Amino acid sequence: MSATMTNTGAAGHTASHDHGHHDKTGTVIFGFWIFLMSDLIAFSLMIANYADAEWHGIANGPSPHELFSLGLPTIETMALLISTFTFGICTLGMKYGASMKRTIGWLVLTLALGAIFLGIELYEFHEFWTDGNTPQVSGFLTAYYSLVGLHGLHVTSGIIWGIILMVQMKHFGMNDLLKSRLVRLGLFWHMLDIVWIALFTKVYLMGVLS
Amino acid sequence: MSILGSLDLNDIFIVPFLKEPTLSTGIAAGAGGIVVLGALAVALWLTVKGWWKPLWSEWLTSLDHKKIGVMYIVLAAIMLIRGVLEAVVMRAQQVSPAPGFLSVEHHAELFSTHGTIMIFFVAMPFLTGVINVVMPLQIGARDMEFPFMNAISLWLSVGGAALVMASLVVGHFETGGWTAYPPYTGIKLSPNEGVDYWIWSLALTSVGTTLSGINFAVTIYKQRAPGMDLMKMPIFAWTTLCTAILMIFAMMPLTVASLMLALDRHAGFHFFTASNGGNMMNFANMFWLFGHPEVYILILPAFGVFSHVIPTFSGKKLYGYTSLVWATIAIAVLSFTVWVHHFFTMGQTAHLNAIFGIATMTIGVPTGVKVFNWLLTMWRGKLRFSTAMLFSAGFMFTFVIGGITGVMLANPTIDFATHNSLFLVAHFHNMLIPGLLFGMFAAVNYWFPLAFGFRLDEKWGRRSFWLWMIGFYLAFMPLYAIGLMGAPRRMAFFTDPAYFPWLVVAMIGALCVLAGLTSQVIQIWVSVKNRESLMVPAGDPWDGRGLEWSLGCPVPEYDFTTVPNITSREPWVDTKAAGKHVMDPTEFVDIHLPKPTGLPILVAGVATVGAFALIFEMWLIAAVCFVAMWVLVLIRSYDTDWEETITAEELREGYEAHKRLVETTPKVSLDDEFTSKNRGLILEEAV
């Protein structure tokens, strides 16, 4: 996350239009960090709920071991991990004055990788679903769809957010406001990556091993 | 399914009464009627007075922290009236010959709405409102860090409250208490829309509160006046900071648990169901992972209020500032370690119960430290029993009793006998009425001039205190007694004659509290009528100690003409000690304040309509509202011209005017504090 930290500082220094006694851009980013902490609470609760349900909530449904394989989730994970790298390049480039075209290019690549991730996830949901393993079957499946689905919803909103930012970059140009928004989307995106590592480990790796 | 979802004619408040006229349905229809007629009367009154436009442009669209704070408090006041009236109806029910005049269902709705309203739509908006008005003034800030988000928080809370009010008119509220434990609140046992009212009104307000927490924390971390390091911050800012941190971490479990319950109910999921691998114990854990820190969200701001009222009206510096700060931090941390004590009887091991029991008792230590801080502040002080001080003293006395019963309940072996009894009900009312309401009443009486420029009537204020105080003891001490005799909570009626005399006393107590509330309404009325003689334009009407009292009353839109440099914990006391009544200006600079905007109320309005649609399963309308809400937020993101400038020159003029006013205002002694001679600038020394 050190790249992100650097970017946070960089965007903070660019704010110069503010006459007040404090630095608005840095403060907004600080506020967003705090929001992310609160969001992480939601994920931790869902993970805790999942950890309970994968043992006690099988009922008449499949167990994690019967349900999961590692193939697709691994590809999915790689797509998301690479997307965090490309987003890092995107914001680093912005810091060192890359052109808007370049910034948008890296952002498009990032969002496309996010879309691939999401596509694989939805495909997997679809496969499970058509096999009759719907969330209504058991507490475990409920927990699985909700936990992974919550992360997927976050990725979806991240993609929509990114598209909106690209439209706004065209509209406003690459000003301080847009830079600050892009840095915040970056924080959000990197957080989702970290959360995914936890999910991949808990749900898929440990699920297959169980 | 039609576009109107599950809504049908029988949901309209008057229809059940027309079909089956009983006293119970009559009361329900009457309550719905009051809501409808009340709303119409207010609308009519605004139209006749021609106040719609000023209301919209001065208040509803304002992003000024003081006005947002006042609107929060107005919301709390309206909901408090409903909550107290419900309590009186429940008390009346239990002294009527069994089975009473309410149906069992209706009684269950009453205790569920009473609890939900008192926690989420009285206590929370009340403390959020006081924080909004006071905290920025105490730390030398000009507004909250995120004023737009602040308004969103406000209107989301209003939306949640509106839904609870709507449940009187359209359909029913839930019957599972304010905690709404599944599987009872699952779709099988609670098939109507009641639980959905609970879920979605809480979803709105819990999101609003999370955003408020972020706003408060960032404001305190980033907006303090130069020189005000954390250990120079006023205690109220400290308690606000700890409350904000609790809001950030503790509201999310509620949001998550309630949305999971919604999925169970409407999507056939199995989070908390009794079959197919659901586990309701996860709900209890998550609910109280929110619920216990929530207790301290409620109580810490009031602790902050007392830490300002008591020194002011004792004429002394707060005793043991540092220990009070650390006690506050300790309480905030410990508040996350005790949630299991809400369900000692759920079936976990005795070891686990023992650990949580000990952790619970530990919280008594820092709280005890605080009580000694306040007592030693009063020790040898020159005490003046204003309304605010009376509420503070009444709090200390009463709260300690509640604390002692809390330590009793913290012992799992005792808790097994008293769990879900009226003893518990008496305990938490004993904590929250003094520990939250008295604190907020003290805050309103103490800080009212900052927002409106005049003091509140003392005579009616003191009457309201005595009625509340006596009413509290009469209403809740009997519940301790019959709780120990075995009376369970949430019963529609009792048949044991031994309870009866106690219930009669409790009924008298409830009427006393109602009289106290009425006195407060009269107090506001009388004060507004006599506002000319209660004006304190020069500010500082009580020989105050905090930065907020260095400002004129009412505080101007921009709060501070110049942001002061802080060198001590009580800069205003130092200024007065140097013989000055205006703080020296630092540097006059142009400042930016947010322009009013109607977007927050629109966003929350659309969210509320969407939530209502979800309650009655109108999925299409809900989806449209969800999209519309985000489109409105998107519109805001295109608005770059959202600030207006106040020039350095205007600020200088403001400063000069205030200085002239202060110089021409006669200084009066403390003996005349509560008389019309007090135009601000009360001094300890007689002049």
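Good morning. I begin with the place where the two chains meet: 30 residues of chain A and 30 residues of chain B make the contact, two residues being in contact when their C-beta atoms, placed from the backbone, lie within 7 Å. On the side of chain A that touches chain B, α2 (24-56) and α6 (139-172) of chain A each supply at least two residues. Of these contributions, α2(A) gives the most, with 15 residues. By type, that side of chain A divides into 15 nonpolar residues, 14 polar and one charged. Here Ala, Val, Leu, Ile, Met, Phe, Trp, Tyr, Cys and Pro count as nonpolar, Asp, Glu, Lys and Arg as charged, and the others, Gly among them, as polar.

This is a predicted model, in which local features need pLDDT of at least 70 and side-chain atom pairs count only at pLDDT 80 or more, while totals for chains, interfaces and linings use all residues. Residues are numbered from 1 along each chain as its sequence is written, and chains are lettered from A and ligands numbered from 1 in the order in which they are written.

Let me turn to chain A. Its secondary structure comes to seven helices and zero strands; helices (H or I, at least four residues) and strands (E, at least two) are DSSP runs, numbered from the N terminus. Of the 210 residues in chain A, 40% are buried. A residue is called buried if 20 or more other C-beta atoms lie within 10 Å of its own, exposed if 12 or fewer, and partly exposed in between, with C-beta atoms placed from the backbone. Among contacts in chain A between residues at least 6 apart in sequence, 79% join residues at least 24 apart.

UniProt, in an unreviewed entry, lists residues 30-208 of chain A as "domain: Heme-copper oxidase subunit III family profile". Its positions are given in the numbering used here, feature names are shortened, and annotations may be inferred rather than shown by experiment. Over residues 30-208, chain A is 86% helix and 0% strand.

Now chain B, which has 21 helices and four strands. Its radius of gyration is 25 Å, close to the 26 Å that the globule rule gives for 687 residues, so chain B is as compact as a globular protein of that length. The radius is taken over C-alpha atoms, and the rule is 2.2 Å times the number of residues to the power 0.38. Buried residues make up 55% of chain B.

For residues 50-567 of chain B, an unreviewed UniProt entry gives "domain: Cytochrome oxidase subunit I profile". That stretch of chain B is 70% helix and 0% strand.

Which residues touch the most other members of the largest nonpolar core? They are Met440(B) and Ala442(B), in a core of 258 residues. Such a core is a set of buried Ala, Val, Leu, Ile, Met, Phe, Trp, Tyr and Cys residues joined through C-beta atoms within 7 Å. Not counting residues up to four places away in sequence, Ala442(B) touches residues including Val305(B), Phe306(B) and Phe391(B).

After α2(B) comes Gly50(B), with a positive phi near 70 degrees. In α19(B), 13 of the 17 residues are buried, so this helix is largely enclosed by the rest of the structure. Thank you.
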